[in-house]
Amino acid sequence: TLDGVPRPSIEVINFVFMPDEEAFPAYGADEINVMLGLSNDALATVYADTVFSADLMQYPLAIPQFYGLNLRDNMPTASTVFRQALAHTVNRDALLDIIQSAGYLPANRYLPESIIGLPDGLEANVLPYDLGLAQEQLSVAVSQLDYASVDDLPAIDLIYLNTDYYKTLATAIADTWTTELGLTVTLLPQDYEGSLFNREYAAVWQGDWSIDFPAVEDVYQPFSADGELREALGWDGTAFDDLLANLVMASDEERAGIISGLEEILIEDAIIIPMSWAASNELTKPYVLRTPSINGINAFETWRVVN
């Protein structure tokens with residue numbers, strides 16, 4: 001054997017495919033010990049049951065989900081303080097049920113926890129819900145954009161992928177921007193192709209990114225000079241590119257500072273508003289000790305059963 005390589009302690013793992021109506025009674029009776037890949041309907045059953053809820057294991061996948069903000073000069077979102085006002089009006093506590101019921105986890109930054117090479121102690125840095133500050137920033141933005149009042153601002157077009165989850169989330173956020181900031185928001189549901197190719201025409205667009213290889217460099221690549229999201233944002237991003245170029249060859253200590261700087265640019269300048277991470281949702285009996293599923297991959301050799 002190789003030193004440091006885990007040696008399996010479980011001889012056999014049986015995989016059984018069951019519909020939810022059979023799996024839950026079997027899990028409750030200890031006939032099965034782990035349930036992988038819970039559907040949204042199954043999650044609703046889990047959240048409604050205190051025993052199942054206690055066994056729920058949730059891990060973020062390398063799929064960050066966010067709203068991108070259009071920085072083109074013909075958009076009110078060209079103003080940094082206007083974008084910050086939008087971000088400070090997003091109340092994540094009020095949106096928690098919407099996010100969790102869809103099987104996602106609320107994001108406290110852009111970079112998911114499941115990324116390889118994530119430095120220790122990386123802080124959350126989403127702009128917090130602060131309605132008073134948002135209203136002050138909106139007032140400054142109206143003046144900067146040379147409008148007489150909020151009522152004179154053009155409508156904010158918000159593009160989202162036309163699914164039940166994204167519609168519910170976009171509607172809740174648009175209602176907040178309308179109620180709390182007095183903005184007019186036009187919701188524009190799109191099919192998959194439209195959600196990709198019409199982004200540059202909307203002030204706000206819903207986006208996500210599925211990472212091919214869950215390494216830090218790959219997570220930020222879409223926002224780089226040659227990345228697929230740069231054009232949709234209408235963003236120069238020179239400072240971001242300079243930091244990203246130093247990331248590959250940086251030491252561990254340097255990487256932590258660079259990653260914090262990349263997050264700060266994206267979030268504190270309100271280039272994007274992080275919303276959620278796609279998640280792996282699983283039930284595991286307390287006597288099964290196991291590592292989490294990382295992007296759908298399980299290290300079964302590390303699993304243990306304890307008395």
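Two strands count as paired if DSSP finds at least two bridges between them. Helices (H or I, at least four residues) and strands (E, at least two) are DSSP runs, numbered from the N terminus.

First, the ground rules. This is a predicted model: local features need pLDDT of at least 70, side-chain atom pairs count only at pLDDT 80 or more, and totals for chains, interfaces and linings use all residues. Residues are numbered from 1 along each chain as its sequence is written, and side-chain values use heavy atoms, with hydrogens and water left out.

So, strand 2. Strand 2 runs antiparallel to strand 6, and five bridges join the two.

How many of the residues of strand 2 are buried? Twelve of the 14 in residues 56–69, so strand 2 is largely enclosed by the rest of the structure. Buried means under 20% relative accessible area, exposed means over 50%, and partly exposed is in between (1.4 Å probe, protein chains only).

Stay on S280 for a moment. S280 sits in strand 7. Its relative accessible area is 11%, so S280 is buried. Its side chain makes a polar contact of 2.6 Å with the side chain of E282. A polar contact is a pair of N or O atoms within 3.5 Å; within protein, one must be able to donate a hydrogen and the other to accept it, and residues adjacent in sequence count only if both atoms are side-chain atoms.

Now backbone angles. A270 lies in the loop between helix 12 (252–268) and strand 7. Its phi is near 55°, positive in a residue other than glycine. A270 is at 0% relative accessibility, so A270 counts as buried. D30 is another non-glycine with a positive phi, near 65°. D30 is in the loop between helix 1 and strand 1, and is partly exposed at 42%.

Next, helix 7, residues 164–181. Helix 7 has 18 residues and spans 25 Å from first C-alpha to last, close to the 26 Å expected at 1.5 Å a residue. That expected span is 1.5 Å times one less than the number of residues. Its buried residues include Y165, Y166, L169, I173 and W177. Just after helix 7, G182 has a positive phi of about 75°.

Last, pockets. On a 1 Å grid over the protein atoms alone, a pocket is an open set of points where a 1.4 Å probe fits, with protein on both sides within 12 Å along at least five of seven lines; lining residues have an atom within 4 Å of a point. Grid points are joined across faces, edges and corners, and a volume is the space filled by probe spheres set on the points.

The largest pocket has about 670 Å³. It is lined by 23 residues, with N14, F15, V16, V34 and M35 nearest its centre. Helix 1 (20–28) and strand 1 (34–35) each give two or more residues to that lining.

The second largest pocket holds about 400 Å³. Which element gives the most to its lining? Helix 8, with four residues. The pocket has 15 lining residues, and S195, L196, R199, E228 and L229 lie nearest its centre.
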